[in-house]
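Visitor: Can you walk me through this one? Keep it quick.

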Amino acid sequence: MNQPLLLAVDQGTSATKALLVDAHGGVVASASAPLGIDHPRSGWMEQSPEDIWDSVLEAVAKCLTGHDPSRVVGIGLSNQRESCLLWERSTGRPLGPMIGWQDRRTVDRCAALRADGLDADVRRTTGLPLDPMFSALKAQWLLDTHDPDRTRARRGELCLGTVDSWLLWRLGGGREHLVEVGNAARTQLLDVRRRDWDERLLDVFGIPREALPRITASTGPFPAARGLPPLTDGTPVLAVVGDSHAALFGHRVFVPGSVKVTYGTGSSVMGLIPGPEHADGSPLCLTLAWDDGTPAYALEGNIRSSGATLRWLAGLLRVGEAEVAGRAAADSGGVHLVPAFGGLAAPWWDNDATGLLSGLTFATGAPQLARAALESVAFQIEDVVAGLDTATGRVTSLLADGGATDNAALMQLQADTSGRVVRRPRDRDLSALGAAYLAGCAAGVFTKTRLAGLTRAEEVYRPRRSEEDRSRALRAWHDAVARARGSAVPDRGEVGTSRGDGRAS
Ligand SMILES: Nc1ncnc2c1ncn2[C@@H]1O[C@H](COP(=O)(O)OP(=O)(O)OP(=O)(O)O)[C@@H](O)[C@H]1O
Ligand SMILES: [Mg+2]
């Protein structure tokens, strides 16, 4: 019997992954295609729109090798968020590279808007602190470069888009300019409560509405896929969802209560809340997780550099990322690495913070640096989860996913650093799995209740450190963070209030 299959495509920062998922939620096949990142200047981060599309083609073709493409009943797409590109409507030709989410070229523009006092207003409307990570300032930069007086944009000749917009444009044969609402929520142009572009913000950022995509629910309607071999043209695209949001769905968090942590190039900590009003006063961002007929709101904290820190150190030490953990000492010997390579995001949102190594002695070697790098990931995540405690009540367990969760030492370290249980499903590509689940729900292959009832193999890491040790380690980390920020040692209370309100301090 030909059971239906769902194809998930997760377009991430370092690679595009594809998964084939069966009607029992099992992963039948998976494949990955790497994606390059260009840093043409210090702080810039670009990717080629054509390479992104090619990596999708490659991952899908590899994943479907040996499988009957006619069994694929639909596609679910997840994608890196906030990255932004511009193309010509008539030709589909990209105007320059995509500006990546990690790109820092708009830091000065951001500081100027903050100096004008716009931060609180932006945050109230979009749920996000004014920051170069989100798409708005990238969109402004692209238009300033390619259409300085906005004539072409106003005439509707140019298309601004996030990665999902670009992939939907290509999948639909260059006819539909769309954005999924959760992705739109990360542009910093959306009124997150009304779920529509905000006229005032379009004005602030100088973005003509005619250049923006039409907003759609996470379950569409989307154009059917064409030109995605070996699938037949017309295979339906059933779901589109930001990668972080997809991971939450993949962990089967359908109601408020559980918190997930994605350990990718950067990290995202996210939990659902009953409604947007539950984000009021929180140091974390309000975002729209997905809209499958009912909008699901979430609180999220982003960390710019987690897997990227390990990759950076692995490059310096000339080993693979996986070996960083193998090299790590049991103790960092007082060394701290604050990976503020491009400032610090949640909960600090400090673009002036600089990367810092502290506590070096002649006894410091690669093992201590490796340990400090791993600890920096765990400490940063704990700082964000602590912010969630305030909003949602004590978070007792973390659901982990993403490339760096391959690292068992990091998972144990997270449990020890946080004093919380860490659960890591054996299937680590939860962004892709979540996109497949959402597509499957749209196709009637799954229901949320059935998904929630599926048994799943997982590793469980339990905290082993005394509360006293844990607090001492966190205090020493916060001393290092304060040095990276060039400020006095922060009071822990500030993490949840003034420091985390999105204002540079
Ligand atoms: N065994 C490992 N130990 C530590 N880190 C690892 C390991 N394997 C992969 N990583 C890290 O995981 C990251 C890649 O993870 P993943 O594939 O989830 O990211 P991505 O999807 O490309 O990025 P993002 O989701 O942030 O857009 C890399 O930065 C890499 O350093
Ligand atoms: Mg990813």
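Guide: Among the elements covering the buried residues of α2 are α3 (119-126), α4 (135-146) and α8 (199-205). This is a predicted model, where local features need pLDDT of at least 70, side-chain atom pairs count only at pLDDT 80 or more, and totals for chains, interfaces and linings use all residues. Residues are numbered from 1 along each chain as its sequence is written, chains are lettered from A and ligands numbered from 1 in the order written, and side-chain values use heavy atoms, leaving out hydrogens and water.

Visitor: Which residues of α2 are buried?

Guide: Cys 110, Leu 113 and Arg 114, in α2 (residues 107-115). Buried is under 20% relative accessible area, exposed over 50%, partly exposed in between (1.4 Å probe, protein chains only). Helices are DSSP runs of H or I, at least four residues; strands are E, at least two; both are numbered from the N terminus.

Visitor: Why are they on the same side of α2?

Guide: Because they cover an arc of only 100 degrees around the axis. The arc is that of the directions from helix axis to C-beta atoms.

Visitor: What is exposed on the other side?

Guide: Asp 108 and Ala 115. Gly 117 follows α2, with a positive phi near 80 degrees.

Visitor: New topic. What is the strand order in the open sheet?

Guide: Seven strands, β16-β17-β15-β14-β20-β21-β22, with mixed pairing. Two strands pair if DSSP finds at least two bridges between them.

Visitor: Which strands stand at the edges?

Guide: β16 (285-291) and β22 (458-461). Each has a single partner strand, so one side of each lacks a neighbour in the sheet.

Visitor: How do β20 and β21 run?

Guide: Parallel, joined by three bridges. Leu 399 stands opposite Arg 423 in β21.

Note on methods:
Contact means heavy atoms within 4.5 Å.
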